[in-house]
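User: Please take a close look at one helix in this model. I would like to know how it sits in the chain and what surrounds it in the fold.

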Amino acid sequence: MTEPATLIFRASLRARLYRDIEVSSSSTLADLAEAMVAAFGFDMDHAYGFYSKLTGKLFDSPQRFELFADIEGSGSRSVKGTRVTTAFQKAGSAMTFLYDYGDEWRFRVEVIGTGQAQPDANYPRIVSKIGKAPPQYPDIDDE
């Protein structure tokens with residue numbers, strides 16, 4: 001079976017707040033992370049990781065892919081060295097994307113489809129936006 005040319009991911013903060021993002025199958029998890037953060041209008045200025053657990057204690061996940069995986073004894077794999085097709089092996093595969101370990105933005109990330117690369121398209125690309133993204137740093141007066 002041949003590998004799909006693109007994967008379509010749904011990155012959601014809640015049911016009616018998500019972005020569908022299409023990436024090349026050769027993309028890394030770091031590429032996907034950057035695309036998701038940008039799709040929600042956040043700045044890419046914090047550490048992050050992908051975790052196989054969808055709820056609970058994410059750091060107990062059997063599969064962990066983190067930005068700082070090179071730190072001795074972390075037990076996780078590198079987001080920069082792992083392709084999306086390695087971490088998400090089929091449609092329906094899902095993980096938690098934890099962005100900013102302080103504020104703990106938790107995104108559910110799921111493969112919702114595959115596609116063929118379009119010759120004049122740039123990847124990654126946003127396929128769909130549902131809901132208004134929250135501000136990354138809410139005003140202190142809003143809390």
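Analyst: What follows looks at helix α1 and then at the chain around it. The model is predicted.

Start with the place of the helix. The protein chain holds two helices and eight strands. Read from the N terminus, the order is β-β-α-β-β-β-α-β-β-β. Helix α1 spans residues 29–39.

Now its cover. The helix is mostly covered, with eight of its eleven residues buried. Buried here means under 20% relative accessible area. An α-helix has 3.6 residues a turn, so residues three or four places apart point the same way.

Just after α1 comes Gly 41. This glycine takes a positive phi of about 75°.

Next, the chain as a whole. Buried residues make up 42% of its 143 residues. Among contacts with a separation of 6 or more, 58% join residues 24 or more positions apart. The radius of gyration is 15 Å, which agrees with the value near 15 Å for a compact globule of 143 residues. The C-alpha atoms fill a box of roughly 50 × 40 × 25 Å along the principal axes.

Last, the surface. The protein chain exposes about 8200 Å², and carbon and sulfur atoms supply 48% of that area. The chain carries 16 positive and 20 negative charges, and their mean positions are 9 Å apart.

Definitions and conventions:
Residues are numbered from 1 along each chain as its sequence is written. This is a predicted model: local features need pLDDT of at least 70, side-chain atom pairs count only at pLDDT 80 or more; totals for chains, interfaces and linings use all residues. Side-chain values use heavy atoms; hydrogens and water are left out. Buried means under 20% relative accessible area, exposed over 50%, partly exposed in between (1.4 Å probe, protein chains only). Helices (H or I, at least four residues) and strands (E, at least two) are DSSP runs, numbered from the N terminus. The radius of gyration is taken over C-alpha atoms; the globule rule is 2.2 Å times the number of residues to the power 0.38. Contact means heavy atoms within 4.5 Å. Accessible areas come from the Shrake-Rupley method with a 1.4 Å probe; for residues, only the protein chains shown count as cover. Lys and Arg count as positive and Asp and Glu as negative; His and the chain ends are not counted. The place of a charge is taken as NZ of Lys, CZ of Arg, CG of Asp or CD of Glu.
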